[in-house]
Amino acid sequence: KVEEITRRLECAPVYMVLTSNTANASVLQHRKWMGLGRQRVYLDFGLPLMMSLSARQFEMVIAHELGHLAVGTGVTDRVAGWTRDVGWQLEQQRGAMLFDDSKKDGWFRRYLFLLDAYTFVLRRHGERVADSRGAGATSGTESGEALLAMQIRGRQLDRFWEALDRRALVIENRRLRAGEPH
């Protein structure tokens, strides 16, 4: 399905499809350095999301994510994507660096916050365009149903995992107090 939707939307080819344990889906265009160089496209689909949607609804999710990359993407979408990628790479570099100077770390945090704030409207616009392209590549009915299902089931899954984490902590604390091994 990914290749079929990629052709339909005239997108860059997908390099790799990844799975995660989140109730989310995302697309990442990765370039070697600061958004320059040959691009590789990664799709990440959460298993809980895949399990909670019908095949047609999940097809719409694929179309939405690839809609971010479709030919005809406006300059604002490209700028938003580029700034998101640069911000992500800066955040990765910040995490890899051990700052001995709190001024440098403060500058990084302030810059990343401003970058995020200034590109918020661009990102919202990109989501709206991707929704439109996804609906155009599938049907409007599946599009609406998938968006609703993702919101409702995502919240249910969040509550489930939070409750499970709390329960695991309670059990672990009891074992530690009792002197049992992990």
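In this predicted model, begin by selecting helix 6 and colouring Val121, Arg128 and Ser132, which are exposed on the other side of the helix from a buried set made up of Gly126, Val129, Ala130, Arg133, Gly134 and Ala137. With helix 6 still selected, compare its end C-alpha atoms: they are 26 Å apart, which agrees with the 26 Å that the 18 residues of the helix (residues 120–137) should span at 1.5 Å a residue.

Next, select Val61 and show what surrounds it. Leaving aside neighbours within four places in sequence, Val61 is in contact with Ala25, Phe45, Leu49, Leu53, Ala146 and Met150. Val61 is also among the residues with the most contacts inside the largest nonpolar core, together with Leu9, Phe45, Ile62 and Leu66, and that core has 22 residues. To see where the core comes from, display helix 1 (2–9), strand 2 (25–30), strand 3 (40–46), helix 3 (55–67) and helix 7 (140–178), the elements that give two or more residues to it; helix 3 gives the most, with six residues.

Finally, move to helix 2 (residues 47–52), where Ser52 is found. Is Ser52 buried or exposed? Ser52 counts as buried, because its relative accessibility is 18% and the cut-off for buried is under 20%. With the side chain of Ser52 displayed, look for one of its polar atoms, which lies 2.9 Å from the backbone oxygen of Leu49.

Technical notes: Residues are numbered from 1 along each chain as its sequence is written. This is a predicted model: local features need pLDDT of at least 70, side-chain atom pairs count only at pLDDT 80 or more; totals for chains, interfaces and linings use all residues. Side-chain values use heavy atoms; hydrogens and water are left out. Helices (H or I, at least four residues) and strands (E, at least two) are DSSP runs, numbered from the N terminus. The expected span of a helix is 1.5 Å times one less than its number of residues. Buried means under 20% relative accessible area, exposed over 50%, partly exposed in between (1.4 Å probe, protein chains only). A polar contact is a pair of N or O atoms within 3.5 Å; within protein, one must be able to donate a hydrogen and the other to accept it, and residues adjacent in sequence count only if both atoms are side-chain atoms. A nonpolar core is a set of buried Ala, Val, Leu, Ile, Met, Phe, Trp, Tyr and Cys residues joined through side-chain atoms within 4.5 Å. Contact means heavy atoms within 4.5 Å.
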